[in-house]
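Subject: Two-chain model for you to look over

Hello,

Here is the model I promised to pass on. Please open it first; my notes follow below.

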Amino acid sequence: MNRLKRFFFANIREISSILVIILLSIFVEYRSGGNFLTVENISDLLTETAILSILAVGMMMVIITGGIDLSIGSVMALAGMIGTTVLKNNRHLSPLTIIVLAIGIGILSGFINGTLVAKLRILPIIATLGMMNVFRGITYIISNGKWVMQADMTPEFMQVASGKIFGINNLVVMAIVVYAVGYIFLNFIRTGRKIYAVGNSEESARVSGINTVRTIRLAYTIMGAVAGFAGILYVAKFAVSQGETAVGYEMNVIAACVLGGVNISGGTGRVQGVLLGALLLGLLNNAMPLIKISSFWQEAIRGLIILLSIIVNSLIQRNVEAKALRRRNI
Amino acid sequence: MGDATNSSATRIISADREFSIRRFFLQWEWMLVAMLLIINAVNVSLSPNYANFNNIMNAMRDFLDKAIVVFPMAFVILLGEIDISVASTMALSSVIMGISYREGIPMPTAIVIGLLTGTACGFINGIVLVKFPELSSMIVTLSTQIIFRGIASILLETKSVGGFPTWFGKFGWGKVGSVPIILLFTIVEAMFFAYLLHKTKFGRRTYAMGNSTTVSRFSGIKTGSIKLTIFTFTGLFSAIAAVFLASKMGSVRPDVARGYELDIIAMVVLGGVESSGGKGNILGTALAILVIGFLRYGLGMVNVTSQVIMIIVGALLVIAVAIPNFKESIGGANWYIKLTSIGKQFNKR
């Protein structure tokens, strides 16, 4: 019994996320007249959320180091655009080559961001805000204002996003793999633990012998790799690549992390929490049209959710700290 | 070491120090002046019609709507904070102004309603940051950015409101003599903010808070009310910029001013305001407005596409921040000298 209780308190945030998801599902199911909890809609929801949740893992690492990456929407567009442009001109290339190319571009962009932040000590928000425009501009120049359309892509390439393994959409399978790798990396690999250490206190991490520059740069590079991967999946899924691909997508990803309990000032955050946060956000996105909320409302509601959840997070944090203080007094 | 300690201590603590020609010419502002001269020389060589008074006045009208927000933003960044919601505040306040006018409210009142909206937006940012000091301004303004723009698009969807009275167009297009009204307004505003920053207690306290909020609070500065005032000011001036922009365009749309925050922050940071707070001045910021503004104008003149301009402004933002940091990382443990010198100064007292 005691062990159960301890498990409950250790995972209280995840458990409350699950409760919110269940309550919200019941509410939406009721309001939409039974259109929500169908196999079709749920598999739609998971497919829609897969790319977002993949990105959230990378963003989580960046936020844990105490930074943020606003450039991922642009990195996605850039990787997608270069990948599909290469594919258009060399139709014999296999989808795997294109994916590797996109990840490579993502790594390069992430490395640039990481160097700016870790080595040149530019505030993450300013560095990535600047690079967001640089990457987006390069995408426009490469695209030359034109779209890469469905006809320019090979069927095998689009199959990457629409195909199924054992009846489960490829994207969902990939998201599961990414989460498994992310979970192991952040919990059991030394480098992953260093990310937490740097996020908690960069100074103590440096004093205890961690190469903080390399660790922070690594977090941004991983974020870039994940963004490149997600970018190519994104264009494969929607079968179109253009200059405006994934504009503003970074906000969704940050929202998913914040909903998943990642502390925006760094140091804390768990993979399982982020997964639930992404699912919660995906659920909201999926449910709002079902219960007939106009698309014009969705933007404002999303912003409000981010703001409220960071406020609630910090209230919880204050409560925890106050309790700890009281306990020490006794 | 001793020398370095002394010089950096005076640099931080004392406002009036003895004049040195070398230090005078090593200021960042000269760099900006040089950039401005180069850009204008290139512009003149590109177009023979460039170098006449009227043309330069017209060029300035193009970018001054952003400049209005730059000065309060400089205060925000001096505090060590950031406000990404300014462009959305502009959109929301101009949309609400437009809707009020459409609903039959007379234009002057509608303008006041728009200004109040912007002030309220800034106040909301400020009050959240004051009540929750552990939240970073980045994430708070990131979410209010989405909220404000979201409310604007709920109100107006994809429609636009126009047909303002003719006198309203004077804000954007009108001239006093041959000087645009918006330029006069910006000059007065710059002087006001320069006075506020360099000649009042409020300004000194802003610098103090930018160096350390905690120390400032313990030395008796009401940090909360200063932060709230600055964010509210930013909201108000975003709304004023929105009035000028709406007047210039003759209509309002929810997607107006999208991406302006990049230019505005780039202007502040290029102007030598340190992005971690505590250092910078209004003169540099004003010069940076002209540098980026004329750069954009010149690039537009030779038909460089807006995408390339986007890259250049983005890169400029990053480089402007990187140069001083780069110098510091070569200079070795500068932060250490800074810290110890502050400590020594306190011990002396």
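Start with the crossing of helix 13 and helix 14 of chain B, which is right-handed. Here a crossing is right-handed if the near helix is turned clockwise from the far one by less than a right angle, and left-handed if anticlockwise. Helices are DSSP runs of H or I with at least four residues, strands are E runs of at least two, and both are numbered from the N terminus. The model is predicted: local features need pLDDT of at least 70, side-chain atom pairs count only at pLDDT 80 or more, and totals for chains, interfaces and linings use all residues. Residues are numbered from 1 along each chain as its sequence is written, and chains are lettered from A and ligands numbered from 1 in the order in which they are written.

Chain B

Helix 13 and helix 14 (residues 282–301) of chain B pack at an angle of about 125°, with their axes 7 Å apart. That makes helix 13 of chain B oblique to helix 14 of chain B. Axes are lines fitted to C-alpha atoms, for helices over the stretch in contact, and angles run from 0 to 180 degrees between N-to-C directions. Under 35 degrees counts as roughly parallel, over 145 as roughly antiparallel, 65 to 115 as roughly perpendicular, and the rest as oblique.

Helix 13 of chain B brings B:Asp263, B:Ala266, B:Met267, B:Val268 and B:Leu270 to the meeting. Helix 14 of chain B answers with B:Thr285, B:Ala288, B:Ile289, B:Val291 and B:Ile292. Contact means that the C-beta atoms of two residues, placed from the backbone, lie within 7 Å.

B:Leu32 also touches B:Ala288 and B:Val291, along with B:Gly284 and B:Leu287, not counting residues up to four places away in sequence. B:Leu32 sits in helix 3 (residues 28–46) of chain B. It counts as buried, with 23 C-beta neighbours inside 10 Å. The cut-offs: buried is 20 or more other C-beta atoms within 10 Å of a residue's own, exposed is 12 or fewer, and partly exposed is in between, with C-beta atoms placed from the backbone. The C-alpha atoms of B:Leu32 and B:Ile289 are 10.0 Å apart, across 257 residues of chain.

Overall, chain B has 16 helices and four strands. Of its 349 residues, 46% are buried. Among contacts in chain B with a separation of 6 or more, 79% join residues 24 or more positions apart.

Helix 5 (residues 86–102) of chain B is mostly covered, with 15 of its 17 residues buried. Its end C-alpha atoms are 24 Å apart, which agrees with the 24 Å that 17 residues should span at 1.5 Å a residue. Expected span is 1.5 Å times one less than the number of residues. Just after this helix, B:Gly104 takes a positive phi of about 95°.

Chain A

Helix 5 (residues 95–119) of chain A has 25 residues and reaches 35 Å from first C-alpha to last, close to the expected 36 Å. A:Arg121 follows it. This residue is not a glycine, yet its phi is positive, about 55°. It lies in the loop between helix 5 and helix 6 (124–143) of chain A. A:Arg121 is partly exposed, with 19 other C-beta atoms within 10 Å.

A:Ala246 has a positive phi too, near 60°. Its loop runs between helix 11 and helix 12 of chain A. A:Ala246 counts as buried, with 26 C-beta neighbours inside 10 Å.

Helix 3 (residues 39–64) and helix 12 (residues 249–259) of chain A pack at about 70°, axes 9 Å apart. They are therefore roughly perpendicular to each other. The contact includes A:Leu55 and A:Ala56 of helix 3 of chain A, and A:Val253 and A:Cys257 of helix 12 of chain A.

Core and interface

The largest nonpolar core has 198 residues, and A:Ile54, A:Leu55, A:Ala56, A:Cys257 and B:Leu317 touch the most other members. Helix 11 (residues 212–238) of chain A gives this core its largest share, 16 residues. A nonpolar core is a set of buried Ala, Val, Leu, Ile, Met, Phe, Trp, Tyr and Cys residues joined through C-beta atoms within 7 Å.

The contact between the chains takes 38 residues from chain B and 36 residues from chain A. Helix 15 of chain B gives the most to the side of chain B that touches chain A, with 14 residues.

Best wishes
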